[in-house]
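User: Could you show me how to read the pockets of a model, starting with the elements that may line them?

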Amino acid sequence: LEIGAPIAAQESLKHVARTGLVVIVFAVGGPAGILAYTIGSKMLSLAIVPATAFQQATQSLTSQRIGEGSSKEAEKMVQTGIAVAVTTLVLFGAGQFLFPARIAGLLVPSASGAGLELAVDFLRLLVLSYPAVAVLFIVEAGFNAAERTTVSFYGSVLQYLLLRLGGAAVLGFVLGKSVEVVFTVIVVSDAIVAVVLTTYYLYCVRNDMFGRAIKNVSEDVSR
């Protein structure tokens, strides 16, 4: 329960933040903003598919190495996962950056006018967040494998509630900024949390996070 509860809460948190962001985008950008956001969200969902697969694989392999009592190998699994995930999403993003109008037309054939122009800009902007998204997914896998799921949860609180939803609300409602600025908040929130979580992950690894996880596993087995 202690491990699963933060993961469930994390998913609920993301859903709430996404719903709130839709409201802000519509209020600030109107129908054109919603169209662009819908197209961008669909593309981001596609990008998350391989990221999620790499996250699950990394978490599983890292957990195996912890079970085998090898903290160094556990670290290597996370390092390899980051390299593979970042490379994959960068390649995925390259096509998105080069052909945003064509992609927007495939996702929403009726897209045109101001909505299509916003969608093109948003699709290209999202590409900048893909390396950070890849890093976030794999670093979270490392924490989850070490039974530190609360770290992933608090990272999502920072990313989705405080930075993304909170930042978009302040910039859109309070400061009256454009929907393009609200879209930029999404990319910036990913980058900031990727840096924060990666920095904390490296700190934890230096302080033998995987070694403690191995000790916990050994104690559970011996009970």
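Analyst: Helices (H or I, at least four residues) and strands (E, at least two) are DSSP runs, numbered from the N terminus. This is a predicted model, in which local features need pLDDT of at least 70 and side-chain atom pairs count only at pLDDT 80 or more, while totals for chains, interfaces and linings use all residues. Residues are numbered from 1 along each chain as its sequence is written, and side-chain values use heavy atoms, leaving out hydrogens and water.

User: What volume does the largest pocket have, and which residues are closest to its centre?

Analyst: Rolling a probe the size of a water molecule over the atoms shows where empty space is left. A pocket is an open set of points on a 1 Å grid where a 1.4 Å probe fits, with protein on both sides within 12 Å along at least five of seven lines, and lining residues have an atom within 4 Å of a point. Here the largest pocket has a volume of about 290 Å³; among its 20 lining residues, Arg 18, Leu 44, Ile 48, Tyr 160 and Arg 164 are the closest to the centre. Helices H1, H4 (113-127), H5 (130-145), H6 and H7 each give two or more residues to this lining, and H1 gives the most, with nine.

User: Which elements give two or more residues to the lining of the second largest pocket?

Analyst: The second largest pocket holds about 220 Å³ of space, and of its 13 lining residues Glu 11, Lys 14, Gln 55, Phe 137 and Glu 140 lie nearest the centre. H1 and H5 are the elements that give two or more residues to this lining, with H1 providing the largest share, nine residues.

Note on methods:
Points joined across faces, edges and corners; volume = space filled by probe spheres on them.
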